[in-house]
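Please keep the structure in view while working through the numbered points.

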Amino acid sequence: MKLDFSSDRILAVVAHPDDAELLCAGALARARSAGAAIAVCVLCNGDKGQPAKPIRNLASVRRREMAAAAKVLGAQLFSGKVPDGTLADSRVNRLFLTEVFRRFRPTLVLAHAPQDYHPDHRAASGLADAASWFCASRGYRTRSAPLPAAPALWWMDTIGMAGFEPGFYVDVTPFVAIKERMLACHKSQLARAGDRDFSPLADLMSRQLEARGAQACAVAAEAFATHNAFRRGRAW
Ligand SMILES: [Zn+2]
């Protein structure tokens with residue numbers, strides 16, 4: 001199997017501002033360098049997860065950090081406004097995400113795994129599954145026109161790798177530096193360690209890249225699994 005992203009339009013659907021950096025930014029950067037169009041949709045506004053010294057207007061700070069990280073990647077950014085910890089697979093959120101799909105027109109969607117540890121991630125997973133189906137349904141009305149076909153859907157690894165059985169790996173060795181530069185944009189997240197010189201998130205990311213790489217004979221890899229639901233699977 002050889003991955004060719006050159007003609008893809010890839011949309012990552014994540015719950016929180018730094019999830020794409022940790023779980024799929026290497027694959028996105030690799031696809032971008034191959035010529036794919038990239039977008040990231042962050043469903044929650046990042047208003048919680050305060051460092052010990054609280055930051056005022058945290059959601060707007062997080063919005064600026066997301067924009068800076070998306071610029072490093074060369075990705076279009078779609079931002080949801082759902083407060084952290086309250087994301088649900090609801091009618092209004094399905095309509096919002098389906099409209100995002102119809103505006104960006106992805107051929108491939110990356111989303112949190114259904115068995116992820118975080119309730120917001122699991123809700124984002126259900127929403128991405130729903131939108132990947134309804135975006136191509138003529139009877140499901142949003143502002144933009146329905147897509148001609150449902151995009152393929154891949155589940156992402158979990159943070160810390162617990163409970164996720166990889167279906168395959170993407171070698172992201174040349175793109176680790178981009179992941180690190182993107183993560184560095186999230187200063188308010190990194191400040192949660194209380195010490196600017198120490199970043200547990202950066203450590204966690206590099207350990208996971210190394211561990212998944214070791215499983216796949218690569219220096220650094222990200223793990224995914226295909227969602228082989230009706231019309232969301234693909235033949236290679
Ligand atoms: Zn998250």
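1. Helices (H or I, at least four residues) and strands (E, at least two) are DSSP runs, numbered from the N terminus. Cys135 lies in the loop that separates helix H5 (119–134) from strand S5 (152–156). Residues are numbered from 1 along each chain as its sequence is written. This is a predicted model, in which local features need pLDDT of at least 70 and side-chain atom pairs count only at pLDDT 80 or more, while totals for chains, interfaces and linings use all residues.

2. Is Cys135 buried or exposed? A residue is buried if 20 or more other C-beta atoms lie within 10 Å of its own, exposed if 12 or fewer, and partly exposed in between, with C-beta atoms placed from the backbone. Cys135 has 26 other C-beta atoms within 10 Å, so it is buried. Leaving aside neighbours within four places in sequence, Cys135 is in contact (C-beta atoms, placed from the backbone, within 7 Å) with Thr98, Phe101, Arg102, Pro146, Leu147 and Ala150. From Cys135 to Arg207 there are 72 residues in sequence and 36 Å in space, C-alpha to C-alpha.

3. The sheet deserves a careful look. Two strands pair if DSSP finds at least two bridges between them. The sheet is open and has 7 strands in the order S3-S2-S1-S4-S5-S7-S6, with mixed pairing. S3 and strand S6 (168–171) stand at the edges with a single partner strand each, so one side of each is left without a neighbour in the sheet. From one strand to the next, the twist averages 25 degrees.

4. Strand S2 (residues 37–44) is mostly covered, as 7 of its 8 residues are buried. S2 runs parallel to strand S1 (residues 9–14), to which 6 bridges join it, and Ala12 stands opposite Val40 in S2. A further 5 bridges join S2 to strand S3 (residues 76–82), again in parallel; the bridge partner of Ala39 in S3 is Gln76.

5. Helix H2 (residues 25–33) is largely enclosed by the rest of the structure, because 7 of its 9 residues are buried. The buried residues in H2 are Ala25, Gly26, Ala27, Leu28, Ala29, Arg30 and Ala31. Just after H2, Gly35 takes a positive phi of about 110 degrees.

6. Axes are lines fitted to C-alpha atoms, for helices over the stretch in contact, and angles run from 0 to 180 degrees between N-to-C directions. Helix H3 (residues 58–73) lies across S2 and S3 and runs at about 160 degrees to S3. H8 lies across S6 and strand S7 (221–226), at about 65 degrees to S7.

7. How do two helices pack together? The axes of helix H6 (residues 176–184) and helix H8 (residues 200–215) come within 11 Å and cross at roughly 160 degrees. That makes H6 roughly antiparallel to H8, since angles under 35 degrees count as roughly parallel, over 145 as roughly antiparallel, 65 to 115 as roughly perpendicular and the rest as oblique. In this contact, Val176, Lys179, Glu180 and Leu183 of H6 meet Leu201, Ala202, Met205 and Leu209 of H8.

Conventions
Contact = placed C-beta atoms within 7 Å.
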